[in-house]
Amino acid sequence: MMQFVKSQAPEFFGSSTSLGVEYFQNLKSLPALANVGFAVLTPMELHLLLLLGVWTVLIALRKRVLLSKVLIAPAALLFFFWLALAFVNGMRRGGDFLPALWELRALFYLGAMYFFVPQIIQTKRQLRAIMAITIAAAAFKAFQGIARFISVGFTMDGYSVFTNHEDPLFFISLFIFFLGLTLFHAKTPQRTAIKWLLLPFLLGFIVAQRRAAFGALVISVAVFLVMLPREQQIRFVKAFIPAVLVFCVYLAAFWNSDSSSGLAAPAVFIRSSFYTSEKEAAESYSSNMYREMENYDLAITFRKAPIVGIGFGNKYDQPLGLPDIAFPLRDYIPHNEIFWLIIKMGVTGFLCFCLFMTSYVFRAATVFARLEDPYLKALCIVSITY
């Protein structure tokens, strides 16, 4: 459920608090299903198959099922078609099937959800329901991280994270959603719910200990501001200036703190994005060096097939040998997943990816400009910033 660097975690994190299998992990990891063929599926894939099955049954029973048009489908189809070609290219080059499958899994989820979600989420009521579930799930994750922080004595020393790496992005998205609901004057209980959860979301965001998340927050707020009409931009800036001033005072007070725990943690994370002390440099040297070596290896690998890539299922070259880390796909998926896409799909495939993403953002921005409903406007701007 989470990635700890200590070998022994407190009893609070014991296996008794989970079912023993992650949402994205093969069901074969459960002893009872270790020798079952279909257990190569993950709970996520099983979930998608069940949704598809129910949807198909409804169509077969001639229930009222509306087929929705998928926006920018050509750009999406081009990207996912190139993914398939990159898989075939990888197999043709002698790649390993199972690692290729694992590399493609998340991108397969993206494609499946992009085309399937518009068929099952079609009304404002359904959008409200899915956002209510999102708020509840994010609140659970925030309180989970806070409880872990408290259980180890209000300190982060020795632990790399207290939540999953992606959790801060959900907190940021709900923060943007709250700003949208507020500025667009949307009358909904969800606005009140998020207002009462802002402090837990903030604390969960902090104990996640992701420096990149602070950068994501700044970019998200900037995008949000750019998307607003002129009048609302002025209102937002006026309301935001006091918060910025308070935050600057906080940074000044804790900028030189030697502790990365408690109240000083956000200031220490932000400071380390600009420069590091000798102690911090010593602690992060190995991690940074690993990434530099990895990037060099990727640059060398890129020369082998710059146009179409080496394909999925093939290891990237390691002229600089990398230390062992606890990640079974270390030789297939690097830390820098932008470089990973370029290496595996080539420049052509990466351009297909960029075309898909930028086309989506552009179309969403044009929809946002035409929307009148305050709730839908807030939801649309979340989609753009995310």
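Where pLDDT is low, the predicted coordinates should not be read in detail.

This is a predicted model, in which local features need pLDDT of at least 70 and side-chain atom pairs count only at pLDDT 80 or more, while totals for chains, interfaces and linings use all residues. Residues are numbered from 1 along each chain as its sequence is written, and side-chain values use heavy atoms, with hydrogens and water left out.

**Whole chain**

Color by confidence next. The mean pLDDT of the chain is 84, and 86% of its residues reach 70 or more. Helix α2 (residues 73–92) has the highest confidence, at a mean of 95, and helix α9 (residues 265–274) the lowest, at 65.

Switch to a cartoon view: the chain has 12 helices and zero strands. Helices (H or I, at least four residues) and strands (E, at least two) are DSSP runs, numbered from the N terminus. Of the 386 residues, 39% count as buried; buried means under 20% relative accessible area, exposed over 50%, and partly exposed in between (1.4 Å probe, protein chains only). Among contacts between residues at least 6 apart in sequence, 67% join residues at least 24 apart.

Select S68, in the loop between α1 (43–60) and α2. S68 is partly exposed, with a relative accessible area of 27%. Leaving aside neighbours within four places in sequence, S68 is in contact with P118, Q119 and Q122. Now pick the C-alpha atoms of S68 and F116: 48 residues separate the two along the chain, and the distance is 9.3 Å.

**Helix α4**

Move to α4, which has 28 residues and reaches 40 Å from its first C-alpha to its last, close to the 40 Å expected at 1.5 Å a residue. The expected span is 1.5 Å times one less than the number of residues. Buried residues of α4 include M131, I135, K141, R148 and F149. The cover over the buried residues of α4 includes α5, α6 and α12. After the helix comes G153, with a positive phi near 90°.

**The nonpolar cores**

A nonpolar core is a set of buried Ala, Val, Leu, Ile, Met, Phe, Trp, Tyr and Cys residues joined through side-chain atoms within 4.5 Å. In the largest one, of 36 residues, select L174, I176, F177, F201 and F224, which touch the most other members. The elements giving two or more residues to this core are α4 (124–151), α5 (167–183), α6 (189–207), α7 (211–227), α11 (337–370) and α12 (374–385). Of these, α5 gives the most, with nine residues.

Center on F224. Beyond its neighbours within four places in sequence, F224 is in contact with I176, L179, G180, L183, F236, I381 and T385. Then select A76, F80, Y332 and F356, which are among the 25 residues of a second, separate core.

**Helix α8**

Finish on helix α8 (residues 230–254). At 1.5 Å a residue, its 25 residues should span 36 Å, and its end C-alpha atoms are 35 Å apart, which agrees. Look at F240, where α8 bends by about 30°, and at P242, a proline that follows within four residues. The bend is the angle between axes fitted to the seven residues ending at a residue and the seven starting there. The buried residues of α8 are Q232, Q233, F236, Y250 and L251.

Notes
Contact = heavy atoms within 4.5 Å. pLDDT = per-residue confidence, 0-100.
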